[in-house]
Each structure stands twice: as C-alpha cells, then as structure tokens.
Amino acid sequence: MPTTLTAFADVTTSDSALRRFLHGLPGVDAVGLEARAAALGTRSIKTTAKAYAIDLAISMIDLTTLEGADTPGKVRALSAKAVNPDPTDRSTPMTAAVCVYPDMVATAKAALNGADVKVASVATAFPAGRAALPVKLADTRDAVVAGADEIDMVIDRGAFLAGRYLDTYELIKAVKEACVRPDGTAARLKVIFETGELSTYDNIRRASWIGMLAGADFIKTSTGKVGVNATPANTLLMLEAVRDFKAQTGIQIGVKPAGGIRTTKDAIKFLVLVNETAGEDWLSNHWFRFGASSLLNDLLMQRQKLSTGRYSGPDYVTVD
C-alpha cells in the first residue's frame, strides 16, 4: 500500500477547502458509538489472556507527573519506577515513557540513564494552550533540546471551536517542524485535543483528521486537567479515525487516551477497543499509550495477585 497524503493535497490549501472536507466527513451516530463502546467493554478476559493484557498495558503507560509542585526528586523517583515498576519482580515490563513538564526533561533523561523508556514532554503552553505561537514553538524546542523523545502538544481549542480549522492545522505543522533536531532526527508528536471541551463527537472526528493531516504521530484525547477526559466512546471514535486514515493513506498514527483510566479493568476495556477497532497492528506501545499515573499501581497489584494468588494491596507498591 502506498504511503502518501497526495490524495488530500488540496484539502489544506485554504480554510474553506479544509472546512468543506471536515464537514463532509460522515456524521457520528452518538447512540451507536456509545453502544458499541459499552458492548466491547463487557468482553470477558480469562486468566492467561489477562496476564498478557496486564503486561501489555504496563508497557503502554506514559507514567505522568504534571503538577506545579513537581520536584527533581519526584521526577527521579518516577523515572526509577518506570524502569523497575515492581522491585520484587524483575520480569515486570518497563513503562513506555515518563511524561513531564519541559523543565524536568533533563532530570528525567539523566535519571533513566539510557534505559529503554522514552521521555515525553508536554509543550505549547500546556494545558490551556493560551500563548502566542513563538512561545509555543520555543516551549517545544526547549523540550527537544533538553532531550525529549516525544512532545505532547495541545491544540488551541478556542480556534478550533471558532471554526478556524486551518489555523489549527498550521499550528500542528509548525510544532511538528519544531520537533526536528539539528541532526535531522525528530521527537514524535502527540496532539492533544482535549475532547471534553470539543462538545460533540463530530468535532472529535474533525480534530482527529486535522491532526493526522498535519503530521501527528499520535492523537491524544485529553490533558487530564478537565472534568471529562478519556472515555471508551471518544477513544473508539479516534481509533476508527486512525484505522480509516491508514486505509486511505498507508500511514499509521498512534492513539493515546489520557486522564481517568485508573484500574486494570479500565485498561483492559481500552485494549479490547484497540484490538476490535484498529486491529493487532496497534497493540504495541509504539502505537498505543495510556496517559496515567495511578493506573500503574493497580496493574501491579493485579499482576501480583495472578502470580501469587493473593491480593497484596496498595502497601505493596511504591507511592508515586
């Protein structure tokens, strides 16, 4: 299958062309979407498959601390946990990444000390995205220069909701360019839509296509800083978008639900969504991530229960 965006070359030539394309996408059947997400969430996972799913989910976590009170010590501790989530069981997979603010990237990079865990950094005036473009690009470049492997940017929801779709597209393209290092390599770009603020499923579908057309490596539901974050329904919709985009272009885009995913049961529901919607090609941490902090502890407790037959409880996992 050819890997090309040639078929969509005319779509982004003007704001009116992009609007015609986005509003020409099929409308989302909200009732059907939510019913399918709920039905997939009832799938039963047996012991052997559950053990596999738990390890897979651990390996997909972007272990996250994004608080004003973050300290170098907290970031170092979180990085140690990412590399060795369960000190009592060295067979436990490492997490995919540690996600921090730009000023903590160098600290996380040093703490990981070459381990196979990525450093992800939020950027572009996270979480609100209310800053001038030069500030957003400087924010991105600072994180990349400090060693970020991945950038989690936020779109300007105000621009998007006002119908300024081309501005949203151009912002993502500019940040994508800012992810390129002097040696020509680039940090992968995750584009956060803040789905809880987009109001409708049609808007989530449109934002997904803008992100993919602009060069996102991942599309991401949320910052985790608003009332409604990742849900099975909005994640299912985004999985359908990346599946359809790959079918039309040959280009594979990752998906990252973030915020509100706290239990093993939740994580497994999302993995079922991935498998049944996008397919096995997305069942790796290169193409699917969980943005989470407390989720890891529950996965570790359930993993311990499967291996020992006993439920250890929260006192047997490290505090984030």
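Guide: Before we start, two strands pair if DSSP finds at least two bridges between them. Strands (E, at least two residues) and helices (H or I, at least four) are DSSP runs, numbered from the N terminus.

Visitor: Where does the model come from, and how are residues numbered?

Guide: This is a predicted model, in which local features need pLDDT of at least 70 and side-chain atom pairs count only at pLDDT 80 or more, while totals for chains, interfaces and linings use all residues. Residues are numbered from 1 along each chain as its sequence is written, and side-chain values use heavy atoms, with hydrogens and water left out.

Visitor: Start with E4 and E5. In what sense do they pair, and over how many bridges?

Guide: Strand E4 (residues 150–154) pairs with E5 in the parallel sense, over 5 bridges. Within that pairing, Val191 in E5 stands opposite Met153.

Visitor: What about E5 and E6: how many bridges join them?

Guide: E5 is joined to strand E6 (residues 218–220) by 3 bridges, and the two run parallel. Lys190 has Phe218 in E6 as its bridge partner. Between E5 and E6 the chain passes through helix H9 (residues 201–214), making a right-handed β-α-β crossover. Right-handed is meant in this sense: with the strands pointing away from the viewer, the path from the first strand over the helix to the second runs clockwise.

Visitor: How many residues of E5 are buried?

Guide: In strand E5 (residues 188–192), 5 of 5 residues are buried. Buried means under 20% relative accessible area, exposed is over 50%, and partly exposed is in between, using a 1.4 Å probe and protein chains only. On one side of E5 sit Arg188, Lys190 and Ile192, on the other Leu189 and Val191, and both faces are covered.

Visitor: And Thr195, where does that lie?

Guide: Thr195 lies in the loop between E5 and H9. Thr195 counts as buried because its relative accessibility is 6%. Its C-alpha atom is separated by 23 Å from that of Asp139, 56 residues apart along the chain.

Visitor: Switching to E1. Which way do its residues point?

Guide: Ile61 and Leu63 point one way from strand E1 (residues 61–64), Asp62 and Thr64 point the other way, and all are buried. E1 pairs with E8 in the parallel sense over 3 bridges, and Asp62 has Gly291 as its bridge partner in E8. E1 is also joined to strand E2 (residues 97–100) by 3 bridges, again running parallel. There, Thr64 stands opposite Cys99. Together E1, H4 and E2 make a right-handed β-α-β unit.

Visitor: You mention Cys99. How many disulfides does a search of the whole structure find?

Guide: The search finds 0 disulfides, where a disulfide is a pair of cysteine sulfur atoms within 2.5 Å.

Visitor: Now pockets. How much space lies in the largest pocket?

Guide: About 460 Å³. A pocket is found on a 1 Å grid over the protein atoms alone, as an open set of points where a 1.4 Å probe fits, with protein on both sides within 12 Å along at least five of seven lines; lining residues have an atom within 4 Å of a point. The volume is the space filled by probe spheres set on the points, which are joined across faces, edges and corners.

Visitor: What lines the largest pocket?

Guide: The lining has 26 residues, and Thr64, Gly224, Gly259, Ala292 and Ser293 lie nearest the centre. Helix H4 (72–83) and strand E8 (290–292) each supply at least two residues of that lining. By class, the lining has 8 nonpolar, 11 polar and 7 charged residues. Here Ala, Val, Leu, Ile, Met, Phe, Trp, Tyr, Cys and Pro count as nonpolar, Asp, Glu, Lys and Arg as charged, and the others, Gly among them, as polar.

Visitor: And the second largest pocket: which residues line it?

Guide: Its lining includes Arg43, Tyr52, Leu56, Ile268, Asn275 and Glu276. About 210 Å³ of space lies in this second largest pocket. Its lining divides into 9 nonpolar, 1 polar and 2 charged residues. H11 gives the most to the lining, with 5 residues.
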